[in-house]
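This report describes selected features of a protein model. Please consult the sequence and the structure shown below while reading.

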Amino acid sequence: MKIGFIGLGRMGSAMAANLVKAGHDVSVFNRSVEKSRALLELGARQAATIAGACDGEAVITMLADDTAAAHTAFTSNGIVGSLRKGAIHISMSTISVELSKNLAQAHAEAAQGFVAAPVFGRPEMAAAAKLFIVAAGDPAAVGACRPLFDAIGQKTFVIGTEPSTANLVKLSGNFLLASVIEALGEAIALVGKAGVDRHAFVDLLTSTIFPAPAYKTYGGLIADNKFEPAAFAAPLGFKDIRLTLAAAESLRVPMPLANVLHGQFLRVLAHGGDNLDWAAIGGLATLDASDGKPQIASA
């Protein structure tokens with residue numbers, strides 16, 4: 001397929017590379033042009049503008065937040081104004097339910113397709129083409145995107161025909177992951193202060209009652225107190241919890257634990273933890289239980 005790819009962070013660069021390797025004709029655009037060099041060496045083409053990435057059958061966006069996603073879509077010569085009729089915008093970013101609904105409406109009015117397809121997985125999974133994709137949209141449009149999904153993920157879950165449902169599912173999943181991180185952090189702090197080996201505790205948990213990858217990944221990071229370099233930065237985790245709470249308010253669903261997580265992420269950021277992995281909220285309980293009370297940013 002002839003496609004455009006906009007947003008070349010760690011996740012986006014890996015995804016775009018796998019699309020090129022799978023034989024797709026990929027034009028890439030990023031505000032920082034230097035991020036596209038490795039992709040150009042693989043065989044991707046450089047798009048000089050957003051519009052330049054919108055001349056094919058589809059364009060994929062993998063952007064950090066609502067502000068970037070909305071600007072890319074709605075700016076003059078943006079995606080909505082540049083994509084041809086019948087072409088598809090595939091939004092793989094973690095964005096708000098509200099913005100997803102606005103994008104779906106705008107693309108429908110422009111006779112374009114819109115599929116929301118956020119992903120689960122950290123950068124190493126993106127590099128290995130092992131992401132899990134949550135897709136929603138018109139069945140024909142989702143079907144047309146299958147070759148692209150197959151190139152970057154190990155499995156695609158089609159949630160429904162309303163694109164915003166995929167974004168709600170993604171936010172709900174990230175809420176659960178953040179909850180796991182917080183719970184692990186508290187449990188590890190408790191046994192650690194009693195003198196139990198933190199790594200032995202994590203090994204016990206992940207070899208018995210909690211063998212899931214999330215417990216192994218985040219349990220190891222918390223036990224090591226290692227939150228740099230960030231695979232998924234704390235500000236992004238904070239953003240996702242804010243969007244989860246906004247969706248919960250709209251649907252009138254009480255989420256008390258999400259409010260706790262909101263406060264924990266704010267604590268990390270208040271102490272200068274913008275460059276830390278979002279797993280840093282799992283280090284707060286250990287810091288609170290310590291005698292020296294070191295700054296979170298030094299973890």
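## The surroundings of V142

Leaving aside residues up to four places away in sequence, V142 touches V115, A135, A136, G137, F149 and V158; contact here means heavy atoms within 4.5 Å. V142 is part of helix α7 (residues 139-152), where helices (H or I, at least four residues) are DSSP runs numbered from the N terminus. Between V142 and A116 the C-alpha to C-alpha distance is 9.0 Å, although 26 residues separate the two in sequence.

Because its relative accessibility is 4%, V142 counts as buried. The term buried applies under 20% relative accessible area, calculated with a 1.4 Å probe on protein chains only.

## Basis and confidence of the model

The model is predicted: local features need pLDDT of at least 70 and side-chain atom pairs count only at pLDDT 80 or more, whereas totals for chains, interfaces and linings use all residues. Residues are numbered from 1 along each chain as its sequence is written, and side-chain values use heavy atoms, with hydrogens and water left out.

The pLDDT, the predictor's confidence in each residue on a scale from 0 to 100, averages 96 for the protein chain, and 97% of the residues score at least 70. Residues 293-299 have a pLDDT below 50, and this stretch has 18 contacts in the model beyond near neighbours in sequence. Where pLDDT is low, the predicted coordinates should not be read in detail.

## Packing of α8 with α9

Helix α8 (residues 163-193) and helix α9 (residues 198-207) have axes that come within 9 Å and cross at roughly 130 degrees. The axes are lines fitted to C-alpha atoms over the stretch in contact, and angles run from 0 to 180 degrees between N-to-C directions.

On the α8 side, L184, A187, I188, V191 and G192 make the contact, and on the α9 side R198, F201, V202 and L205. These residues comprise seven nonpolar, one polar and one charged; Ala, Val, Leu, Ile, Met, Phe, Trp, Tyr, Cys and Pro count as nonpolar, Asp, Glu, Lys and Arg as charged, and the others, Gly among them, as polar.

## Packing of α8 with α10

With helix α10 (residues 213-224), α8 packs at an angle of about 45 degrees, the axes being 10 Å apart. This arrangement makes α8 oblique to α10.

Helix α8 contributes L177, V180, I181, L184, G185 and I188 to the contact, while α10 contributes A214, Y215, Y218, G219, I222 and A223. The contact residues divide into 10 nonpolar, two polar and no charged.

Methods
Helix = DSSP H or I, 4+ residues; strand = E, 2+ residues; numbered from the N terminus. Buried < 20%, exposed > 50% of the residue type's maximum accessible area, 1.4 Å probe, protein only. Parallel < 35°, antiparallel > 145°, perpendicular 65-115°, else oblique.
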